[in-house]
Amino acid sequence: LSAGCHNPKNVCRGSSIRVARAFISPGGMGVMGTDDADLMARWRHGDAAAFEALVGRWQRPVARFLFRLTGRADLVPDLCQEVFLRVYRAAARYREGGAFAPWLYRVARNLARDAARRGRRQPAPLAGEGPADAAAPAEAECRRRELAERVARAVAGLPEPLRVVLALRHDEGLAFEEIARLTGTPASTLKSRFAAALARLRARLGELGYGPEEPTP
Amino acid sequence: MTCHDARDLLPDLAFGGTDPDRGKALEAHLAGCAACRRELHELRHVRGLLAAVPPPDVRVDVAALYRAAAAREARRARRWRRLALAAGAAAAAAVVLAVGARLEVRVGDRQVVLRWGAGPTPEAPPAPAPVAHAAPPLPAPAASEEQLRLLGELVDALAADARDRDLRTRAELTRLRTLLVELGERDARRWSAAERDIDAMYAAQFGRKKGD
């Protein structure tokens, strides 16, 4: 959704919300007409296609979630791979009828915490190591990367519970009631956390010189 | 609607998700309140900044997952085989020690007695010793054979368990290998289809085949 997408505001985000809503509907029913618990049950009985369907369905939401939690794009591919390796291994232990999405997010969250602990001992790579957008002028590309890095760092500087709600509300477009089902935290608490996350981000980004321009009256 | 109520709803409005009834009341409040309008503007600005940081486009490598799982299964099987071998060797050593050396272990009266080989043959009639301290008699040959049989069964059971686990691991590894082969074939089919499509597009665009 995001590769080669130059207007994430209009295209990427809208798409991700639609996808996430299809994935995390109250019954856990996905776009393929089969719910996650059913796919997991099929995978338990050795159906590899079911496992691959689960991976295809969840790899991008999990990657977005991990990215918001760690603030490190370089860590996301390996962490994402590890999440699905745990799904693979958990087939035998997975309870029939268990809620797949909350369990998956819990696995991702624990791995992100471990990575954060390790990350304190390992330096982050230099900014702008990814491929450059050939069509963009060098200066604009440089500014875009700097902005992306600073915003990612500002988000990563939030306490973890605030990052979780920010990721699920903003990136996945979930309602607080849906996030409450995923995380087991009351919706009212999540709403307060979301407001707190936005207030802190506003303040931090303002300090970094990314405050808003004056609104038109 | 007061500013306090409006501030509570502004994050929902900025990030899309206000219910229509409250949304109308909020819009009406915003029309007359510059401070809340400014707040909304700032929240939308934060949302824009968040959207300007695209997450990495990640594709999970399913074949690598299967390979990692196969490697883990193989490691577990090796570990279990070593463990079973060590347990079997320990049991066999215990049998040899117990039977061959006529090992006798006695515990009681605040002491542990470990004795091997034939015990001293009593020549003189036993002195009047306190009955409470009398040692139990050496196990009869029939009892030793029974112990030997039980230990033999234990070793057999360990070996059978190791064999079962080996068979299960082999079956799992075979399944994983089949999955990897299927994935490879699927990739090859997709690749050749993509090549055909590219060739067809090239021919349609330039009126000749690639390389002509």
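The model is predicted, with local features needing pLDDT of at least 70 and side-chain atom pairs counting only at pLDDT 80 or more, while totals for chains, interfaces and linings use all residues. Residues are numbered from 1 along each chain as its sequence is written, chains are lettered from A and ligands numbered from 1 in the order in which they are written, and side-chain values rest on heavy atoms, with hydrogens and water left out.

Chain B comes first. Its secondary structure amounts to 5 helices and 2 strands, taken as DSSP runs numbered from the N terminus (helices: H or I, at least four residues; strands: E, at least two). Read from the N terminus, the order in chain B is α-α-α-α-β-β-α. Of the 212 residues in chain B, 22% are buried; here buried stands for under 20% relative accessible area, exposed for over 50% and partly exposed for anything in between (1.4 Å probe, protein chains only).

Next up is the second largest pocket, with a volume of about 660 Å³. Its lining counts 23 residues, and those closest to the pocket centre are Ala92(A), Arg72(B), Glu73(B), Arg76(B) and Glu172(B). A pocket here is an open set of points on a 1 Å grid over the protein atoms alone, where a 1.4 Å probe fits, with protein on both sides within 12 Å along at least five of seven lines; lining residues have an atom within 4 Å of a point. Grid points are joined across faces, edges and corners, and the volume is the space filled by probe spheres set on the points. At least two lining residues each come from helix H2 (36-44) and helix H4 (76-89) of chain A, and from helix H4 (62-100) and helix H5 (141-206) of chain B. H4(B) gives the largest share, 8 residues.

On to the aromatic rings. A pair of aromatic rings is described by the distance of the centres and the angle of the planes. Over all chains, 12 aromatic pairs turn up, a pair being rings of Phe, Tyr or Trp (its six-membered ring) with centres within 6.5 Å; planes under 30 degrees apart are called stacked, over 60 edge-to-face and the rest tilted. One of them is the edge-to-face pair of Phe51(A) and Tyr88(A), at 5.5 Å centre to centre and 80° between the planes. This pair ties together distant parts of the chain, with Phe51(A) in helix H3 (residues 48-70) and Tyr88(A) in helix H4 of chain A, 37 residues apart. Phe51(A) and Tyr88(A) are both buried. Trp58(A) and Tyr105(A) have ring centres 6.0 Å apart and planes at 85°, so this pair is edge-to-face. It also links distant parts of the chain: Trp58(A) belongs to helix H3 and Tyr105(A) to helix H5 (residues 100-119) of chain A, 47 residues apart.

Arg169(A) has its charged end over the ring of Phe194(A), 5.8 Å from the centre, and Arg165(B) lies over the face of Trp80(B), 4.5 Å from the ring centre.

That leaves the salt bridges. The whole structure holds 25 of them over all chains, each a side-chain nitrogen of Lys or Arg within 4 Å of a carboxyl oxygen of Asp or Glu. Glu39(B) and Arg202(A) form one, at 2.9 Å from N to O. This pair joins two chains, because Glu39(B) lies in helix H3 (residues 34-51) of chain B and Arg202(A) in helix H9 (residues 187-207) of chain A. Glu39(B) counts as buried at 17% relative accessibility, whereas Arg202(A), at 23%, is partly exposed. Within chain B, Arg170(B) bridges to Asp166(B), with the closest N and O atoms 4.0 Å apart. The two are 4 residues apart in helix H5 of chain B, so about one helical turn separates them. Arg170(B) is exposed at 52% relative accessibility, while Asp166(B) is buried at 16%. Through shared partners, salt bridges join Arg202(A), Arg7(B), Arg38(B), Glu39(B) and Glu42(B) into one network.

Key. Lys NZ or Arg CZ within 6 Å of the ring centre and 35° of its normal.
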